[in-house]
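Please keep the sequence and the 3D view at hand while reading.

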Amino acid sequence: MDEQSTRRQNSWLITGASSDVGLLLLRRLLAKAGEADRFVAQGFGDLAGIAPLVQEYPGRIQTLDVNLADAAALPAFLRMVEQTAPPLTHFVHLPALPVVNTKFKNFDEARFTMDMQVQVHSAAAICRRFLPAMAKARYGRVLFMLTSYILGTPPRNTAAYVAAKQALYGLAKALAADYAPSGVTVNCVAPSMMETKFLADTPQLIVQAAAEANPMGRNATPADVVPAMEFLLSDEAAFITGVVLPITGGSA
């Protein structure tokens, strides 16, 4: 990190930190972080993957097992972060329910409502709690995980997933405009299909077809996406806000 970052104590909240992307991002950030930097890593029922990092970096990571689909659990989660972590400087929002490819006539409204809670409502609640303090401190970095499905024409049978991601994109654009004068940036990354455990319920034929259709002949991996995320979260990206960065191998 640069000299300014070394002087400032960075405090990170990463929701969905137990995902493949979250784990790689957390590892890379910890390797570069200052000794005073602290991380809050949220997951739900799958925090075991973070345990090796907790052991490797003792006292640096606080893990919280919270179901973001439960609106009633959010206030306690926010209080816990506020009371136990230093004032946040960075917020990274990664969680989403896995894509279910289904015709719109079979639209699962209950599942869609849950995904909106996980992706959009929780992000809005977290930003509402912490962005005013970032603005007062004149520094902050916020980053949302979107999808290349919002760029151009999405694949068929993905209405629920695309609608949730578009709502998250709208939130990011509005917050970027609101907080730009205060030194707080709000950006998004939009990867094409990424081969992670997120695809566990996606038919292999769909995964293979996406890889074959990509100009690079493969799907994205977390290693393709995380470095771009690091840049948007860095001090060097201070004049970049409201951006959706495609990470697609040329497919979008």
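Two residues are in contact when heavy atoms of theirs lie within 4.5 Å. This is a predicted model, in which local features need pLDDT of at least 70, side-chain atom pairs count only at pLDDT 80 or more, and totals for chains, interfaces and linings use all residues. Residues are numbered from 1 along each chain as its sequence is written, and side-chain values use heavy atoms, with hydrogens and water left out.

## Aspartate 20

Aspartate 20 belongs to helix α2. Helices (H or I, at least four residues) and strands (E, at least two) are DSSP runs, numbered from the N terminus. With a relative accessible area of 28%, aspartate 20 is partly exposed; buried means under 20%, exposed over 50%, and partly exposed in between (1.4 Å probe, protein chains only).

Leaving aside neighbours within four places in sequence, aspartate 20 is in contact with Thr196, Lys197 and Pro222. Threonine 196 is 176 residues away along the chain, yet its C-alpha atom is 6.2 Å from that of aspartate 20. A polar atom of the aspartate 20 side chain lies 2.9 Å from the backbone nitrogen of lysine 197. A polar contact is a pair of N or O atoms within 3.5 Å; within protein, one must be able to donate a hydrogen and the other to accept it, and residues adjacent in sequence count only if both atoms are side-chain atoms.

## Helices α2 and α8

At what angle do α2 and α8 pack? Helix α2 (residues 20-32) and helix α8 (residues 222-232) meet at about 50°, and their axes are 9 Å apart. This makes α2 oblique to α8, since angles under 35 degrees count as roughly parallel, over 145 as roughly antiparallel, 65 to 115 as roughly perpendicular and the rest as oblique. Axes are lines fitted to C-alpha atoms, for helices over the stretch in contact, and angles run from 0 to 180 degrees between N-to-C directions.

From α2, the contact uses Asp20, Val21, Leu24, Leu25, Arg28, Leu29 and Lys32; from α8, it uses Pro222, Ala223, Val226, Pro227, Met229 and Glu230. The residues of this contact are 9 nonpolar, no polar and 4 charged. Here Ala, Val, Leu, Ile, Met, Phe, Trp, Tyr, Cys and Pro count as nonpolar, Asp, Glu, Lys and Arg as charged, and the others, Gly among them, as polar.

The buried residues of α8 include Pro222, Val226 and Met229. Among the elements covering the buried residues of α8 are α2, β4 and β5 (140-145).

## Glutamate 195

Glutamate 195 lies in the loop between β6 and α7 (204-213) and is partly exposed, at 45% relative accessible area. Its side chain and that of asparagine 219 are joined by a polar contact of 2.9 Å. Beyond four places in sequence, glutamate 195 touches Val207, Asn219, Ala220 and Pro222.

Histidine 93 is in strand β4 (residues 90-93). Is histidine 93 buried or exposed? Histidine 93 counts as buried because its relative accessible area is 1%. The side chain of histidine 93 makes a polar contact of 2.8 Å with the side chain of threonine 15. A polar atom of the histidine 93 side chain also lies 3.4 Å from the backbone oxygen of valine 118.

Serine 148, in the loop between β5 and α6 (159-179), is buried as well, at 10% relative accessibility. Leaving aside neighbours within four places in sequence, serine 148 is in contact with Ala190, Pro191, Ser192, Thr248 and Ala252.
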